[in-house]
Amino acid sequence: MRISELLAIGDLRLGLLTGDPATEFTGVHITDLPEPGRYLSGGELVLTGMMWRTSPDDATRFVAALAEAGVAALGAGQAWLGHVPEDLVAACAAAGLTLVEVPTEVSFRTLAELVVPRLSGDARDALGRHRRLLTAVAEGAALPELFALTAAELGVTGAVVSASGRVIVGSAEDPVRLARAYLTASRLPCRVGEHTIFGVGRGHRAAGWLLACDGDLLDRPDLGYELATCVAVEHSRMEEGRRVERRLAEQLVSAALAEAGPAELDARLRTCGLDAAEPYTIVNATVLTAGRPGDPDAATLGGQTVEELLDREIVAAVLTEGTIRTEGAVRTDGAVGLVPLRGSTVSGVAERLSAGAEVLSALPGTRICVGLSGALTSAAAVKGGVEEAGHARRLAEVRGGGVATSDEIYTHALLLATAPGDVRRSFADRLLTPLLDYDGRHQSELVRTLGTFLDCAGSWNACAERMHVHVNTVRYRIRRVEELTGRDLSTMTDRVDFFLALRAR
């Protein structure tokens, strides 16, 4: 069949956007995979709803896969985006691929009824399946309904799991194990026990979802890819809904940092879904990565990750996207959010975040750093809470990642966290290098003895008992520390210096 024959059917109102109308095609393939080349045999008319498109760069990748597979033509439906993007037209023109525009009111079912006599049974099944899935997406089916429908259509069972090991939908016996495998896999899909794991969407894995299909689908990955694509569409739709909440939260935080009046702050707090007397905590988060091309910035990724860790359906975390800047006011350098406590406590929220961050620590080259303020009960407390949470997050960064609360920053730890890293290292090296060098040459334990001695508040006997050595051994080692460093451990000043140096190290 030729493309010109389809174009000649007036009721369809198909439009040729680029290419040769005399192009012949021998079959039809429906796909919304971002790189479908491996599932194409050549000569097909590929129909796509463009659900794979998240940015203009996606078109080049998609068309390149079609061209390499020898596809005859591409039919792009308008139903998802409302139009055919110029980047897709340009990519098809550059690749010499015929592109046809399919109007919103023309379903792939209509095209199938015209072309189906020339198609194989498998192709007819694919067309029907794709039509039913697109209908469910267009009608706004919720994720559980969409997942159940898609899984049934494809004959696949499994679960969608967050990167922190939380089951989003479906059933999985050990979701944490699946999450760790997803985070550490060098490539996807991969086989893990009785499951085949696919990535959902193309975002950073720290804030992503995975699809765990029961059984071995490495020989039929198209089934997993199709199910993952449908889940990704719903994930994107949920993310769009969160953008309004984030914008409201950003306006509240910006107003608080600019010291707006109580009435304005209370009104903005209510628009975020919080009552003025309802307790909440401020979260400040970053996710530090190895800096791979295309990664979001640390603040944006931090916000996305914390939302997933707190389960957006249970805790109404509303996080800003990126950095908030206000003229002449405090500047935040992490994602800032308000988390209603609603029967929980700050320590309870911290425990949930810590548990998820521990799972995410399996992702190479990634550090999750989160700080929490104390419990707050008024809009006027937002500014102070932002500052508290920011200090706590910087303390978490100094520790190498994890979760820190405001209770921890009102100690020497805050002083260390706010000092530049090179200053901390220089301070520790100046005091401790003679001891470290001596321990290295003599296999002694001067540094360990010094730390234990300070932890025991300078008690010779308590230090000896804890280290299981004679008290004279402790006295000898501490005297050696003093000789090597020129310090006097009987004075509070030198004890404090050594204490801070050990913590900075």
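Guide: Contact here means that heavy atoms lie within 4.5 Å. Helices (H or I, at least four residues) and strands (E, at least two) are DSSP runs, numbered from the N terminus. This is a predicted model, in which local features need pLDDT of at least 70, side-chain atom pairs count only at pLDDT 80 or more, and totals for chains, interfaces and linings use all residues. Residues are numbered from 1 along each chain as its sequence is written, and side-chain values use heavy atoms, with hydrogens and water left out.

Visitor: Within what arc do the buried residues of helix 2 fall, seen down its axis?

Guide: Buried means under 20% relative accessible area, exposed over 50%, and partly exposed in between (1.4 Å probe, protein chains only). In helix 2 the buried residues are Asp58, Ala59, Phe62, Val63, Ala65, Leu66 and Ala69. They line one face of the helix, because, seen down the axis, they fall within an arc (that of the directions from the helix axis to the C-beta atoms) of 155°.

Visitor: What does the cover over the buried residues of helix 2 include?

Guide: The face turned away from the buried side carries the exposed residues Asp57, Thr60 and Glu68. The cover over the buried residues of helix 2 includes strand 3 (44-48), strand 4 (73-77) and helix 3 (86-95).

Visitor: How many Å apart are the end C-alpha atoms of helix 2?

Guide: The expected span of a helix is 1.5 Å times one less than its number of residues. The 13 residues of helix 2 (residues 57-69) should therefore span 18 Å, and this agrees with a distance between its end C-alpha atoms of 19 Å.

Visitor: How many residues apart in sequence are the parts that Arg342 and Glu278 tie together?

Guide: A salt bridge is a side-chain nitrogen of Lys or Arg within 4 Å of a carboxyl oxygen of Asp or Glu. Arg342 and Glu278 form one, at 2.7 Å from N to O. Arg342 lies in the loop between strand 13 (335-340) and helix 11 (346-360), and Glu278 in the loop between helix 9 and strand 11 (280-288), so the pair ties together parts whose separation in sequence is 64 residues.

Visitor: In which helix do Glu264 and Arg268 both lie?

Guide: Glu264 and Arg268 form a salt bridge whose closest N and O atoms are 3.1 Å apart. The two are four residues apart, about one turn, and both lie in helix 9 (residues 262-271).
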